[in-house]
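Trainee: I'd like to learn how to read helix packing in a model. Could you walk me through it?

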Amino acid sequence: MPELPEVEVVRRGLQSSILDRRIERAEVRESRLRWPVPANLTDCLRGERVLAIERRGKYLLLRFAGGTLIVHLGMSGSLRFMPRPPPPVRHDHVDLVFEHGVLRYHDPRRFGAMLWHRGEAGPPESHPLLVRLGVEPFSPQFGGEHLFRATRGSRVAIKQLLLAGTAVVGVGNIYASESLFRARIRPSTPVHRLGRARCDRLAVAILATLSDAIERGGSSLRDFVGSDGSSGYFQLDCQVYGRAGQPCRVCGTAVRTRRDQQRATYWCPRCQRG
Ligand SMILES: [Zn+2]
């Protein structure tokens, strides 16, 4: 599943290919994504110029004068810009046809989304899908103090809190395990036990982990293709994730794993004592 770093990598890729370019039309071959692609997408986008490409959580926001196209890659979606597009193949659901090429949305599992938010409806951040998202990790609002405040009055495990996305967006399963290892906090620790110092450490660890992943071009995903069509994204050099039974790279103790709700958690029992 594309995580925040992958989506950020796609966003940066799109900046170089479609920013300030004009759309001629949209071709929707399959509108049944997670929510229906608007039937009038071409009417919304015809002649519109891409004014900005932003990201909120794992949503890409393509801003136009008349509104914003909100795109989510779901479990298996990809966006690919092609100056000379080949004929569409299976799962190539939507083409945005520009004057200089095609931005093609491909999504075998169809859990993604492509929605139009009219300018008159207010800022896209007020859209129901976006309005309740936690703070952006790279925004000035995020840090140890924010995590400390967000974790008072709750006894949920810190890893669950991170995955919920209500305190901070973008810390998916791989990045939660890796960030908690960096911060030397056991994933099962109830959040009310985290003092300010550990919240500070965790905030720093989250930023470092996400930054590393963005630098490496995103990490997860077999079927992930970058916006320019380059595949073969670098594997994140994981410290604990996916390394059950292997020696911790810091202390040599065997990395442990546990599955909760279909998600695997990895930690070092020695480096992450509580
Ligand atoms: Zn260790």
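Trainee: How are α5 and α6 oriented to each other?

Mentor: Here's the general idea: two packed helices are described by the angle between their axes and the distance between the axes. This is a predicted model, and in it helix α5 (residues 173–183) packs on α6 at an angle of about 130°, with the axes 8 Å apart. Angles over 145 degrees would count as roughly antiparallel and 65 to 115 as roughly perpendicular, so α5 and α6 come out as oblique to each other. Their crossing is right-handed.

Trainee: Which residues of α5 and α6 make the contact?

Mentor: On the α5 side you've got Y175, E178, S179, R182 and A183. From α6 come R198, R201, L202, A205, I206, A208, T209, L210 and A213. Sort the contact of α5 with α6 by class and you get eight nonpolar, two polar and four charged residues.

Trainee: And at what angle do helix α1 and helix α6 pack?

Mentor: Helix α1 (residues 4–18) meets helix α6 (residues 196–215) at about 45°, and their axes are 9 Å apart. That makes α1 and α6 oblique to each other as well. The way α1 passes α6 is a right-handed crossing.

Trainee: Which residues in α1 and α6 meet?

Mentor: L4, P5, E8 and V9 in α1 meet L210, A213 and I214 in α6. By class, that contact of α1 with α6 has six nonpolar residues, one charged and no polar ones. Notice L210 and A213: they turn up in the α1 contact and also in the α5 one.

Trainee: Let's zoom out. How many helices and strands are in the chain?

Mentor: The chain has six helices and ten strands. Its radius of gyration is 20 Å, close to the 19 Å that the globule rule gives for 274 residues, so the chain is as compact as a globular protein of that length. Along the principal axes, the C-alpha trace spans about 60 × 35 × 30 Å.

Trainee: What domains does the domain assignment give?

Mentor: Domain 1 (4–126) and domain 2 (144–267). The C-alpha centres of domain 1 and domain 2 are 29 Å apart.

Technical notes
Residues numbered from 1 in each chain as written. Predicted model: local features only at pLDDT ≥ 70, side-chain atom pairs only at ≥ 80, totals over all residues. Domains from an automatic or database assignment. Axes fitted to C-alpha atoms, helices over the stretch in contact; angles between N-to-C directions. Helix = DSSP H or I, 4+ residues; strand = E, 2+ residues; numbered from the N terminus. Parallel < 35°, antiparallel > 145°, perpendicular 65-115°, else oblique. Left-handed = near helix turned anticlockwise from the far one by under 90°. Contact = placed C-beta atoms within 7 Å. Nonpolar A, V, L, I, M, F, W, Y, C, P; charged D, E, K, R; others polar. Rg over C-alpha atoms; globule rule 2.2 N^0.38 Å.
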